[in-house]
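This report describes selected local features of a protein model for computational use. The sequence and coordinates are shown first, and the commentary follows.

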Amino acid sequence: MSLLHWAVLAPFIMAVFVPVLRKKAALIHTGWFVLILPIVLFGTFLQYLPVTMNNNTVMQTAPWIPSLGIDFTVYMDGLSLLFALLITGIGALVVLYSIYYLSKTKESLHHFYVYLLMFMGAMLGVVLSDNVITLYMFWEFTSISSFLLIAYWYDRDRSRYGALKSMLVTVFGGLIMLGGFLVLSIMGNTFSIRELAARAPELNEHPLFLLAMILVLLGAFTKSAQFPFYIWLPDAMEAPTPVSAYLHSATMVKAGIYLVARFSPIFAFSGYWFWIVGAVGLFTMVWASFNAVKQTDLKSILAFSTVSQLGLIMSLLGIGAASLHFETLDDNIFTAAVIAAVFHLINHATFKGSLFMVVGIIDHETGTRDIRKLGGLMSFMPITFTLSVIGAFSMAGLPPFNGFLSKEMFFLSMVQLIELNLFNIETWAILFPVLAWVGSVFTFIYSMIIVFNVFTGKFQPEKIEKKPQEAPIGMLISPIVLASLVVVFGLFPNLLSYSLIQPAAAAIVPSIIPAGEQLDVHISFWHGITAELLMTIGVIAAGILLFKFMPKWGRVYDHFPGKVTLNQFYNSGLYAAERGSNAITNAYMTGFIRSYLVYIFTFFIAALGFTMWAKDAFRYDASAAAPIGLYEVCLIVVLLAATLTILMAKSRLTSIISLGAVGYTVSLFFVIFRAPDLALTQLVIETVSTALFLLCFYHLPKLSRHEEKRRFQAGNAIIAAGVGVIVTLLGISAHSSKFFPSINEYYVENTYEKAGGENMVNVILVDFRGFDTLFEISVLSVAALGIYGLIKLRLEKGGETNENE
Amino acid sequence: MKTNDVIFQTVAKVVFFMIIFFAVHLFFAGHYYPGGGFVGGLLTSGAIVLLLLAYDMKTVRRGFPVDFKWLISLGLLFSVGTAAGSLMFNVPFFTHAYDYFQLPLFGKTSLHTAMLFDLGVYLVVIGVTMTIIQTIGESE
């Protein structure tokens, strides 16, 4: 267990103490204690910065289940470090924010911080694990803790609905991803991601490669809310705002991005990867930004915006995979896509985190998040306004914020696609930059809505509950820190380029970097009048126009039918699944023993009949058969007559007597087949059981004592005949195919020699195979005690036991 | 309805002993001739049932002041004890031993631990049969 192991486990350990702190130190907000941990962890991870900057990595293994090859292996490279810093850094800010956001007295803080710490530890585990099984374990931990956090206000209906939805979607994806991991580890014969990456070329040839890739991608897409799995994210907005800021903008939804980036070295050689990741990402980006514009709830806008931005990052990662195919180009422009992805990842975490916190402040100070009720808050909340301008403008891609830079790089990568004829992309390539541009226009519009519809316009005091005022300073610290980072990264992007971006990008596409060299990461603020700059200007112009005339064209959204949304599909799918399984279960679980016997016998006939037919198992060999004597024929006639009487009898009494006749005939068979012990026992037992049947008959209730003939049912007759035929065939086949001589010679020889007896049956029963007898008498004893218990301990009508003795 | 079944009762008294002797004979002869603990036990309880039919539950209970459930456990104890006894002599579970002895009244006779096991079976079968019949007979 190294320092890194303890860093991953520390939040879990801390979570154990949170309830104690809440109880023992109730006067201090529990968040203050929790705050220490992410700060310490952030400092710890910062120490690894020099290591990864020099393209070194750290790998530590602690055995967990060594016999199965499952170890708790932590692996630190540029990508892991970037995520670890995001998780702990934003985690610290979110904890600080939550101290002021959540009331000390009204909320159950210990729940909140336990879940949050669990989540933090799980995320650290996801990004630092090298073993896929450990990765999966932490992955599911994030799903579970996110479920708990979304349903934090569990007495609200919407919270529970959102939590359940996110759970179903992400666990669905998680399980599929586990399947992908297992396929991958079977292909590569190892659970280690690093070793799998080392075998990437060999894995590419494997027939299961595509399957593994699609399974892993489905996991990543569900977690990162890509189309069509994004539906859970808007409903997850029922969580407290710090949770939305942390989980649903900066960390958990980026777990899918991390997964795609982490597995790029394995899968990215495939053209499918480029296509699937790139196209799904881009489509998600456009679709979500288009939908974000019509939302009226601030958090919903941000949720759709998160989906859209994640799609953007995802598409950049997909396009970055093209860089692996053009290593001969001098100026490998597609690495720029990877760099843009990493850069935008950082940017998104900063501005989206601050925007969520701003929305939380507005909600906290006015009591609503509905943009139709808000307006003119600028003069009341100047700091919040400034923060939201920075965040939203960066999101829209305006200079001088960091969003501008990554948006430019995004356009650049998309434009480059046109110039290359790649994977038969041909004329379709023009769609990529066009879609990217359209998506960006909508991004611009909703960013403006967040700022201008809330902070400018008419102030409507009658619609909001509280008198708005500036938030307390403690609540503002975190968004201020994030917004300053937005500006700093915007003005001095090269602070990041070799410290964080280059090592992370190098981890995503390691194979294209020659040994001993580094990727050339230089983010320039101004690089001349290029296509991407013109596109940005176009975005701004179109965006302003559309924003101004929003009321005119906004009615477009009304024409989208509410019935065919994905949410509707999800809801009716769940409903149909429930109804369907109910209907199926009710259809065959009739509650009648008769039906179940029909199933059992039908299966019996089908299974045996099919086996006999498929294996050609029927044999008929009369050579081993004994001659049939007169006595046997007579007894068989009696037996058949008695059996038919049972079936045809109108009265139950006749049936019971006939059954007795069958039993005595059988004992006569034992006599003529020379089994005196059996004959004796059969006689006595048949007598006893017939007496018991008569007893039952005597006690039948008067009401249903109809003496009527059994109704004939064709189905029953067919099944009965089938069972009879199958068993007969089976008996004949078994008798006709004896492969070994019987072992009875041994008993014949040794009954007297070794066991000192002459009655072979009895000697077998008590000596050679006495074990069976021992348990048969146990069965008898249990039966007797059971009857005794049933009769003596009958429940009376009043519900009390009647204990006679 | 009270009937006078003095003939039945008298015959039952006599026949009871004949059945019991036959049952004991079957039990003891089991190792060499058809019979054994199971049939012996069934016939013994058949004899008691005969008394039950001739007299009534109370009378028979006075004649046999036995709780038949105890008979079941006693029988199981005998069987398991016989089987487990072999462990004390360092041989596998359920190993029987026998030998021939010169007994004062019977002459040369074989004594066999399998007999003890069979005695367990005999007692269990009596216990089981009588418990069932008594329970059902007494229930309303």
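R674(A) lies in the loop between α27 (652–672) and α28 (676–698) of chain A; helices (H or I, at least four residues) and strands (E, at least two) are DSSP runs, numbered from the N terminus. The model is predicted: local features need pLDDT of at least 70, side-chain atom pairs count only at pLDDT 80 or more, and totals for chains, interfaces and linings use all residues. Residues are numbered from 1 along each chain as its sequence is written, chains are lettered from A and ligands numbered from 1 in the order in which they are written, and side-chain values use heavy atoms, with hydrogens and water left out.

**Backbone and loop residues**

Most residues other than glycine have a negative phi, and most peptide bonds are trans. R674(A), although not a glycine, has a positive phi of about 60 degrees. Another non-glycine residue with a positive phi is D616(A), where the value is near 50 degrees. D616(A) is found in the loop between α25 (593–614) and α26 (630–648) of chain A. A cis peptide bond, with omega about 0 degrees, joins F227(A) and P228(A); P228(A) belongs to the loop between α10 (209–223) and α11 (232–235) of chain A.

P461(A) is placed in the loop between α19 (431–455) and α20 (473–491) of chain A. Its C-alpha atom is separated by 8.8 Å from that of K373(A), 88 residues apart along the chain.

The table gives relative accessible areas; buried means under 20%, exposed over 50%, and partly exposed in between (1.4 Å probe, protein chains only).

| Residue | Relative accessible area | Class |
|---|---|---|
| R674(A) | 76% | exposed |
| D616(A) | 55% | exposed |
| P461(A) | 46% | partly exposed |
| E686(A) | 11% | buried |

E686(A) is found in helix α28 of chain A. Leaving aside residues up to four places away in sequence, E686(A) touches L659(A), G660(A), G663(A) and Y664(A), where contact means heavy atoms within 4.5 Å.

**Helices of chain A**

Helix α4(A) covers residues 78–101, and its end C-alpha atoms are 33 Å apart; this agrees with the 34 Å that its 24 residues should span at 1.5 Å a residue, the expected span being 1.5 Å times one less than the number of residues. Because 23 of its 24 residues are buried, α4(A) is largely enclosed by the rest of the structure.

Helices α5 (residues 109–128) and α12 (residues 241–250) of chain A pack at an angle of about 5 degrees, with their axes 12 Å apart. Axes are lines fitted to C-alpha atoms, for helices over the stretch in contact, and angles run from 0 to 180 degrees between N-to-C directions. The two helices are therefore roughly parallel, a class that takes angles under 35 degrees. F112(A), L116(A), F119(A) and M120(A) of α5(A) meet P242(A), V243(A), Y246(A) and L247(A) of α12(A).

**Strands**

Strands β1 (residues 58–65) and β2(A) of chain A run antiparallel and are joined by seven bridges; two strands pair if DSSP finds at least two bridges between them. V58(A) stands opposite M76(A). The hairpin has four residues between the strands, and G69(A) in it takes a positive phi near 75 degrees. Since seven of the seven residues of β2(A) (residues 70–76) are buried, this strand is largely enclosed by the rest of the structure.

In chain B, six bridges join the antiparallel strands β1 (residues 98–103) and β2 (residues 107–112). D99(B) stands opposite L111(B), and a hairpin of three residues connects β1(B) to β2(B).

Definitions and conventions
Angles under 35 degrees count as roughly parallel, over 145 as roughly antiparallel, 65 to 115 as roughly perpendicular and the rest as oblique.
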